[in-house]
Amino acid sequence: MDVSAPFIANYWQYILTVCIGIIIVQFIQSFYKNSSSTNRSSVDDNRKIFVDNDDDEGCVDDNGNQSVPTDDDCEHIPYGMVRYPNDEMLTRSRHFYEEMNKRRSVRFFSDEPVALNVIENVLLTAGTAPSGAHTEPWFFAVVSNPEVKSSIREIVEEEERINYAKRMGQKWLDDLEVIKTTWRKPYIETAPYVIVVFKQVYGLKKDGTRIVHYYNEMSSSICVGFLLAALQNAGLATVTSTPMNSGPRLRQLLGRPVNEKAILLLPVGFPSSDATVPNFHRKPLEELMVTI
Ligand SMILES: Cc1cc2nc3c(=O)[nH]c(=O)nc-3n(C[C@H](O)[C@H](O)[C@H](O)COP(=O)(O)O)c2cc1C
């Protein structure tokens with residue numbers, strides 16, 4: 001005797017509703033699973049692209065070990081920010097812009113000394129920059145020793161001679177014509193300080209495990225932006241210079257480890273009394289922003 005027939009006949013609407021419900025739930029679950037794995041793979045892809053882009057050193061060790069400096073126990077604390085009245089915001093933003101608009105790349109320096117604690121404050125300010133996963137992938141060698149400055153100049157000029165003669169090409173040289181730079185870098189010896197900026201391609205734990213430094217180039221560049229603003233604020237001049245092909249030799253000279261790569265060289269001091277700069281104009285607002 002078939003007892004299920006009247007049961008199904010009596011309750012088929014409920015059974016159908018439950019079946020449709022189960023199918024919908026499963027469909028939603030599989031949709032979210034797929035979309036979260038797609039997101040994860042795009043993050044991984046970004047990371048891979050980034051790691052691949054790092055010209056000489058990767059973030060994964062020979063055994064494929066990766067380590068991120070996340071501190072699961074890091075407490076989250078309340079954050080308060082000073083709230084300025086609107087007119088004060090306008091004044092402050094205007095004043096800051098006016099100060100920063102006075103910043104110029106200076107290539108002629110006085111040898112007048114600068115107090116080291118000013119430089120320390122400037123570097124502390126640079127260190128307030130944001131960084132990928134708070135890895136702070138930057139390090140600064142502050143050089144004031146005259147012999148070391150001479151050695152830096154020697155290395156940089158030797159490479160710059162070749163850069164200007166062979167590596168840069170006519171188009172690049174033509175573009176630099178207006179700035180009138182040459183392979184000669186006397187300011188490296190004249191300025192009281194030369195700050196060599198290193199990006200740390202990866203970090204190292206005490207046990208030798210590597211710490212992934214996400215977006216280390218971008219983070220270090222932002223950090224240098226803060227540094228330039230802090231120098232301007234302190235009344236000090238610099239020129240952002242790129243020691244093309246000198247990086248490995250500078251790293252060795254300054255005794256820095258292999259996970260660091262010299263990215264910029266900043267002579268720091270006061271401009272000489274006869275310093276000149278090209279009479280550049282900066283893009284007006286309408287050429288650098290759009291409101292949408
Ligand atoms: C990434 C970067 C690399 C630079 N490299 C050099 C360099 O190697 N030598 C140099 O004299 N100036 C260098 N400069 C400075 C630029 O020439 C300068 O910023 C530009 O001419 C605009 O002038 P300003 O800084 O006075 O506004 C560099 C600037 C940047 C941002």
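Because the model is predicted, local features need pLDDT of at least 70 and side-chain atom pairs count only at pLDDT 80 or more, whereas totals for chains, interfaces and linings use all residues. Residues are numbered from 1 along each chain as its sequence is written, and side-chain values use heavy atoms, with hydrogens and water left out.

**Overall make-up**

- The secondary structure of the protein comes to nine helices and six strands, where helices (H or I, at least four residues) and strands (E, at least two) are DSSP runs numbered from the N terminus.
- Of the 292 residues of the protein, 32% count as buried; buried means under 20% relative accessible area, exposed means over 50%, and partly exposed lies in between, using a 1.4 Å probe and protein chains only.
- Among the contacts in the protein with a separation of 6 or more, 82% are made by residues 24 or more positions apart, a contact being heavy atoms within 4.5 Å.

**The four-stranded sheet**

- Four strands form an open sheet in the order E1-E2-E6-E5, with antiparallel pairing, and two strands are said to pair if DSSP finds at least two bridges between them.
- Strands E1 and E5 stand at the edges of this sheet with a single partner strand each, so one side of each is left without a neighbour in the sheet.
- Strands of a sheet pair through backbone hydrogen bonds, either parallel or antiparallel.
- Strand E1 (residues 138-143) is joined to E2 by six bridges and runs antiparallel to it; in this pairing Phe-140 has Val-197 of E2 as its bridge partner, and Val-143 stands opposite Val-194 in E2.
- Helix H3 packs on the sheet, where it touches E1, E2 and E6, and its direction makes about 165° with that of E1; axes are lines fitted to C-alpha atoms, for helices over the stretch in contact, and angles run from 0 to 180 degrees between N-to-C directions.
- Strand E2 also pairs with strand E6 (residues 260-269), in the antiparallel sense and over eight bridges; here Phe-198 has Ala-262 of E6 as its bridge partner, while Tyr-193 stands opposite Val-268 in E6.
- Strand E5 (residues 237-238) is joined to E6 by two bridges, again antiparallel, and Thr-238 has Val-268 of E6 as its bridge partner.

**Covered strands**

- Strand E2 (residues 193-200) is mostly covered, since eight of its eight residues are buried.
- Both faces of E2 are covered, with Tyr-193, Ile-195, Val-197 and Lys-199 buried on one side and Val-194, Val-196, Phe-198 and Gln-200 buried on the other.
- Strand E6 is mostly covered too, with nine of its ten residues buried.

**Nonpolar cores**

- The largest nonpolar core has 22 residues, and those with the most contacts inside it are Ile-119, Phe-140, Ile-195, Val-197, Leu-227, Leu-266 and Val-268; a nonpolar core is a set of buried Ala, Val, Leu, Ile, Met, Phe, Trp, Tyr and Cys residues joined through side-chain atoms within 4.5 Å.
- Helix H3 (116-126), E1, E2, helix H7 (216-234) and E6 each supply at least two residues of this core, and H7 gives the most to it, with six residues.
- A second, separate core of 19 residues includes Val-143, Tyr-187, Val-239 and Ala-262.

**The largest pocket**

- About 370 Å³ of space lies in the largest pocket.
- The lining of the largest pocket is made by 21 residues, of which Glu-160, Lys-185, Thr-240, Ser-241 and Thr-242 lie nearest its centre.
- On a 1 Å grid over the protein atoms alone, where a 1.4 Å probe fits, a pocket is an open set of points with protein on both sides within 12 Å along at least five of seven lines, and lining residues have an atom within 4 Å of a point.
- Helix H4 (146-167), helix H5 (169-176) and helix H6 (187-190) are the elements that give two or more residues to this lining, and H4 gives the most, with four residues.

**Two loop residues with positive phi**

- Ala-133, found in the loop between H3 and E1, has a phi near 55°, a positive value in a residue other than glycine, and at 48% relative accessibility it counts as partly exposed.
- His-134 lies in the loop between H3 and E1 and has a positive phi of about 50° although it is not a glycine; with a relative accessible area of 57%, His-134 is exposed.

Note on methods:
Points joined across faces, edges and corners; volume = space filled by probe spheres on them.
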